[in-house]
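My notes follow in the order I looked things up.

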Amino acid sequence: MTITYREALRLGLREAMARDERVFLMGEDVGRYGGTYAISKGLLAEFGPERVRDAPLSELAFVGAGIGAALGGMRPIVEVMTVNFSLLPLDQIVNTAAILRHMSGGQFAVPLVIRMATGAGRQLAAQHSHSFEGWFAHIPGLKIVTPATIDDAHGMLGAALADGNPVLLFEYPALFETTGELSAEPIDIVHAKVRRPGTRVSLVAYGGCVPKALQAAERLADEGINAEVVDLRVLRPLDMDTVLASVRKTRRAVIVDEGWRSGSLSAEIMARIMEQAFYDLDAPVARVCREEVPIPYPKHLEEAAQPQADKIVMAAKGLFQ
């Protein structure tokens, strides 16, 4: 079946709600409006207002309510419209959801899924386009997942609900209109995945940067450089075994990160490669990150601020000089 990334997310939601009556969706405009990005369109009519609940404009309140519902035995899915707004309920996420299992000696779990859009590419300007998933990946007690494909967009929500811990699922508006075949492939939220095998350089990416890394790999192939593309899929905990296996094979790596360079997830991945595979490298690890500016509104400036295929190609070719 050929569907869009948006339809795959909606199908994952519908299946999760049909499978378990404890699952409900809560957030701003998720009901009558069908979600700001139309992910939950039609679900109110299908499941009713008890299970598709419009929330007031108060992220701190409805994320907290989701945590309470999870502690009470429900399986809430909370939609925080964009990652920029996730800073409002940061206290609930970091100081409550992430640590309750630890602070209670394992007596209380928070089986909560928080969905939010992240990243640029749709001219939504600085307050709706940033990429803070690397910040959340810093926090023990949270799992961070980033679907880049149709199968992951469809299947990661079910895997997150089954996890039993707070899981943050980051969706990429720049990918909403992309189409692909939905397979019956089982989806986990444990492993990274090699999206394109190669032998000369590893391009390590996640989320909205995976298609750009694949584009870069095609262009590098035209120049005789066979690049391997690794989709991280899960930012915490990182599957470094897959990354290191790729780097040890290709002996060169470029990390592609939607976040800013300073204090970024790419810095963590580079450090782990240096700690564990330094003597396997033929060149220093390189990275391509967002420019260190708030995301601009004009399309040409927005594109210039983001990692793009030509920047990835340039960084990869630099490792052979």
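Strand β6 (residues 143-145) runs parallel to strand β7 (residues 167-171), and three bridges join them. I looked for a facing pair here and found Ile144 opposite Leu168 of β7. I keep in mind that this is a predicted model.

Next I traced the sheet around that pair. It is an open sheet of seven strands, in the order β3-β2-β4-β5-β7-β6-β12. The pairing is mixed. Which strands stand at the edges? They are β3 (52-54) and β12 (234-236). Each has a single partner strand, so one side of each lacks a neighbour in the sheet. I noted the twist too: it averages 20 degrees from one strand to the next.

I then turned to helix α3 (residues 59-71). Helix α3 lies across β2 (23-27), β4 (75-82) and β5 (113-117). Its direction is at about 160 degrees to β4.

I checked how α3 meets helix α4 (residues 90-97). Their axes come within 8 Å and cross at roughly 25 degrees. Angles under 35 degrees count as roughly parallel, so α3 is roughly parallel to α4. I listed the residues in contact. Helix α3 gives Leu60, Val63, Gly64 and Ile67, and α4 gives Gln92, Ile93, Thr96 and Ala97. By class, that contact has five nonpolar residues, three polar and no charged.

**The five-stranded sheet**

I moved on to another sheet. This one is open as well, with five strands in the order β9-β11-β10-β13-β14 and mixed pairing. I marked β9 (193-196) and β14 (286-290) as edge strands, each pairing on one side only. Here the twist averages 25 degrees from one strand to the next.

I looked at the β9 end in detail. Strand β9 pairs with strand β11 (residues 227-231) in the antiparallel sense, over three bridges. Val194 has Val230 in β11 as its bridge partner. What packs on this sheet? Helix α9 (residues 240-250) does, touching β9, β10 (201-205), β11 and β13. The direction of α9 makes about 175 degrees with that of β11.

**The largest pocket**

The largest pocket holds about 320 Å³ of space. I counted 21 lining residues for it. Nearest its centre lie Gly134, Ala137, His138, Ser264 and Leu265. Which elements give two or more residues to its lining? I found α6 (133-136), β12, β13 (253-260) and α10 (265-277). The lining of the largest pocket has nine nonpolar, seven polar and five charged residues.

**The second largest pocket**

The second largest pocket has a volume of about 270 Å³. I found 17 residues lining it. Closest to its centre are Ala120, Gly121, Ala174, Lys212 and Gln308. Helices α8 (210-222) and α11 (299-305) each supply at least two residues of this lining. I sorted the lining of the second largest pocket by class: five residues are nonpolar, seven polar and five charged.

Key: Residues numbered from 1 in each chain as written. Predicted model: local features only at pLDDT ≥ 70, side-chain atom pairs only at ≥ 80, totals over all residues. Heavy atoms only, no water. Pairing = 2+ DSSP bridges. Helix = DSSP H or I, 4+ residues; strand = E, 2+ residues; numbered from the N terminus. Axes fitted to C-alpha atoms, helices over the stretch in contact; angles between N-to-C directions. Contact = heavy atoms within 4.5 Å. Parallel < 35°, antiparallel > 145°, perpendicular 65-115°, else oblique. Nonpolar A, V, L, I, M, F, W, Y, C, P; charged D, E, K, R; others polar. 1 Å grid on protein atoms, 1.4 Å probe; cavity = no way out; pocket = protein on both sides within 12 Å on 5 of 7 lines; lining within 4 Å. Points joined across faces, edges and corners; volume = space filled by probe spheres on them.
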